[in-house]
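Please walk through this two-part description with the model open beside the text. The account goes from whole chains to domains and then to a surface patch.

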Amino acid sequence: MPVLLPTDILFLLMLLGLAALVAYTLRQEHLRRPWRSVIRSRSAMISLVILLVYLLIALLDSIRIPVSSNAHVNSTSAPIGEPVTLLDFGLGRIRDAQEKTYSAPLAVVAHAREMIRQADGREAWTYPRLQFGGRHLANPEQEHASDLIRRIALGLGAGIAGWALLTGFLALVLTRRRSDPMDFLRSAWRGETDLPWRAVLLALLLISLLAGVLVALCQAYHVFGTGKVGEDVLYQSLKSIRTGVLIGTLTTVATLPLALVLGILAGYYRGWVDDVIQYLYTTLNSVPGVLLIAAAMLVMQSYMARHEAEFASLATRADFRLLALCLILGMTSWTGLCRLLRAETLKLRELEYVQAARVLGVSQGMILFRHILPNLFHLVLISVALDFSSLVLAEAVLSYVNIGVDPTTESWGNMINGARLEMAREPVVWWSLASAFIFMFALVLPANLFADAVRDAFDPRRAE
Amino acid sequence: MIDYIIRRLLYALPLLLGINLLAFVLFFVVNTPEDMARMHLGQKHVTSEAIEKWKHERGYDQPLFWNGQAEGAGRATQTIFYQKSLGLFLFRFGRSDGGRDIGADIGQRMWPSLAIAIPSLIVGLAVHIGFALLLVFFRLTYLEFWGVALCVALMSVSTLFYIIGGQFLVGKLLQLTPISGYDGGWNAVRFIILPVVIGTMAGLGSGVRWYRTLFLEEAEKDYVRTARAKGLSEARVLFFHVLKNAMIPILTGVVVVLPLLFTGSLITESFFAIPGLGSYTIDAINQQDFAIVRSMVFLGSVLYIIGLLLTDISYTLVDPRVKLS
């Protein structure tokens, strides 16, 4: 039986909701039209592919299964009995591969020299071999380079094979026997398809090549090196994906109901309801965001200290803190959306079709639900899309100020925080930062591009 | 005009009261002084006498809103709300949980914050607007396309990387400026350069994109077409006509942050070890000094509200079409 933490449940529910929304959208012509202009954009489609890969990893990392004692995973990083996620299972090897301290990417020896007693009994001041990285090499000086090349070639081959399978599968599914899959592939290659399939397939090719090389290399090396206490940096970065994606999505989704309800009420009923709600969000908005978050996180910490018994295990503690961070971040960011929704509702309530509904005696709840709410959808969508990337970036900053996620949670913010003094070392330890940078950039850039495409398609002022 | 300002000031009062209450509820009701004492003295092995002593020393041992045991006006004044929260309205910040005078600390620490924030604002504004105008000048060319793409890429990098990368490149490899630190008087200039440059770089992507949309919106208006039709050069149209008219939204964006310059930037100050209000706040957060965080929350909100007020006033000054009502 899978074990679910609160954030897992919320995340899975959100994905289900998303799937339902997609299914609903596909059946409604008026909703499909703006999406068509999104998916015709090459950059948006490539971004979507990358975002889906991130989402998939986050999903794999959100399904936990308890480990029985006879399982082959005997890890040092998580205590026995704590459930591990599907991603952990997949990464079993690099999860358990611990070194003593820093080692460079793909290295076979440690980053710093040590006194080592050699076979002939003499002591030498040299670089010790790693426990995991390149363990299988008998003679690293000569074999290292050729082994790397062999593995990279193997990985590239596997990547191409995987991509070919995926492409074939896609072609079969997309044509659904209505036409020849080969025809589809040929026209995709020439860029003659309606949707930018060539760009999508090329993006998939790049991703599978990267994945193939990473998998091939991480069987025997630390691809991104190891950190201060010898943990694999690639593993950390991969685990951080869930934290980043969760904060980017749950935060807005969790506070969406609040912004929606208050915004619609304020705009539709006006009068004192409007005054109270406006007062509420102006007050909240006046407090500088970081300070409000800091204050709320301090209060939350002392709440956790008071109820120590409820947060017995490390995982529940970290999970509660992640959830609290999402809610607190949401509390500071719902005001902007609420204001937009209020203004739009004010406009909508005066339109003829709403007036007509009122005259015809449609109940107020029905007017709000059927006539106002659907027409606010584009604002919500744009806001969720635009907020995602800034939230992922905010997580890093907050974790740096120690008001972000729990220090035991893997997150890019914690990685940067832990690594910021490493640049001052001699020689420089750059790989933790580089890895966090690459993984973050590869998420935030597509998110920004996709959000831009969504905004261009849905914003009535921008649509032609 | 005076009427208008007074009305706006009165409108700000309930907001301030709301913020005061919010801070009070967060720091004293949700989180009781007892919890604060426990966090400072340790969770376990702490006697109730020690907690009472800690609370008494800091004046947290009174009732929240209403003191039934006191006489006369003391019933309302000898409470935490009166002594700790209402005092903020008069900028009486009281003492921090560590025993320091918060008001004096703020008065001293706001200068380094300003020394970083003001040059950052001016340089940032000039550079961002300059690049945005360039992009608009070269619109519908490959230069614009790649410029905008670069902006999106720059936006997608966390501020932390700009700071760490900048410190490493300029401070450590090139050794042009000190990596971090601060000094009084004119010596401070050496320490200010790097934070200002990095701050400008970090905001480049979003800044240029924002100003570009402003300029593009202006550039499509009729007066611009008229100016072109008159035969004015594109550069003249952009730098004189468009820039001048786009100044209004730019101004509102700038004026609202002016008062907040006092409180400085948390991240920048902490990375560059600048003894300003930002690092003061970070230290308070890390030491869980609730008194300082409460003061800073209130101060920040007051400054923000002042910023909004200034924005409204500046609107009426620069745009004659805006009527006071």
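The paragraphs below describe the chains, their interface, their domains and one patch.

This is a predicted model, in which local features need pLDDT of at least 70 and side-chain atom pairs count only at pLDDT 80 or more, while totals for chains, interfaces and linings use all residues. Residues are numbered from 1 along each chain as its sequence is written, chains are lettered from A and ligands numbered from 1 in the order in which they are written, and side-chain values use heavy atoms, with hydrogens and water left out.

Chain A contains 17 helices and four strands; helices (H or I, at least four residues) and strands (E, at least two) are DSSP runs, numbered from the N terminus. The C-alpha trace of chain A spans about 100 × 65 × 45 Å along its principal axes. Chain A has 464 residues, of which 48% count as buried; buried means under 20% relative accessible area, exposed over 50%, and partly exposed in between, with a 1.4 Å probe and protein chains only. The accessible surface of chain A is about 22,800 Å², and 66% of this belongs to carbon and sulfur atoms. Accessible areas come from the Shrake-Rupley method with a 1.4 Å probe, and for residues only the protein chains shown count as cover. Of the contacts in chain A between residues at least 6 apart in sequence, 70% join residues at least 24 apart, where contact means heavy atoms within 4.5 Å.

Turn next to the interface of the two chains. Here 46 residues of chain A are in contact with 45 residues of chain B. The two chains bury about 3,900 Å² between them, 74% of it on carbon and sulfur atoms; buried area is the accessible area (1.4 Å probe) that two parts lose on being put together, summed over both. Leu291(A), Leu298(A) and Tyr400(A) supply 16% of the area that chain A buries against chain B, more than any other three residues. One salt bridge is found across this interface, the term meaning a side-chain nitrogen of Lys or Arg within 4 Å of a carboxyl oxygen of Asp or Glu. Arg209(B) forms a salt bridge with Asp452(A), with the closest N and O atoms 2.8 Å apart.

Within chain A, the assignment gives domain 1 (6-62 + 229-462) and domain 2 (137-218); such bounds come from an automatic or database domain assignment. The C-alpha centres of these domains of chain A lie 32 Å apart. Arg40(A), Met45(A) and Val49(A) supply 47% of the area that domain 1 of chain A buries against domain 2 of chain A, more than any other three residues. Between them the two domains of chain A bury about 860 Å², 87% of it on carbon and sulfur atoms, and the count of salt bridges between them is zero.

Chain B is divided into domain 1 (2-90) and domain 2 (110-318). Their contact takes 20 residues from domain 1 of chain B and 15 residues from domain 2 of chain B. These domains of chain B bury about 1,700 Å² between them, 77% of it on carbon and sulfur atoms, and one salt bridge is found across their interface. Arg8(B) forms a salt bridge with Asp312(B), the closest N and O atoms being 2.1 Å apart.

Finally, Met1(B), Ile2(B), Ile6(B), Leu10(B), Leu13(B), Tyr315(B), Leu317(B) and Val318(B) form a nonpolar surface patch with about 780 Å² of accessible area together. Helix H1 (2-29) and helix H15 (290-318) of chain B each give two or more residues to this patch. Patches are made of residues with over 30% relative accessible area and no salt bridge, like charges being joined within 9 Å and nonpolar side chains (Val, Leu, Ile, Met, Phe, Trp, Tyr) within 5 Å. Leu13(B) is in helix H1 of chain B and is partly exposed, with a relative accessible area of 45%.
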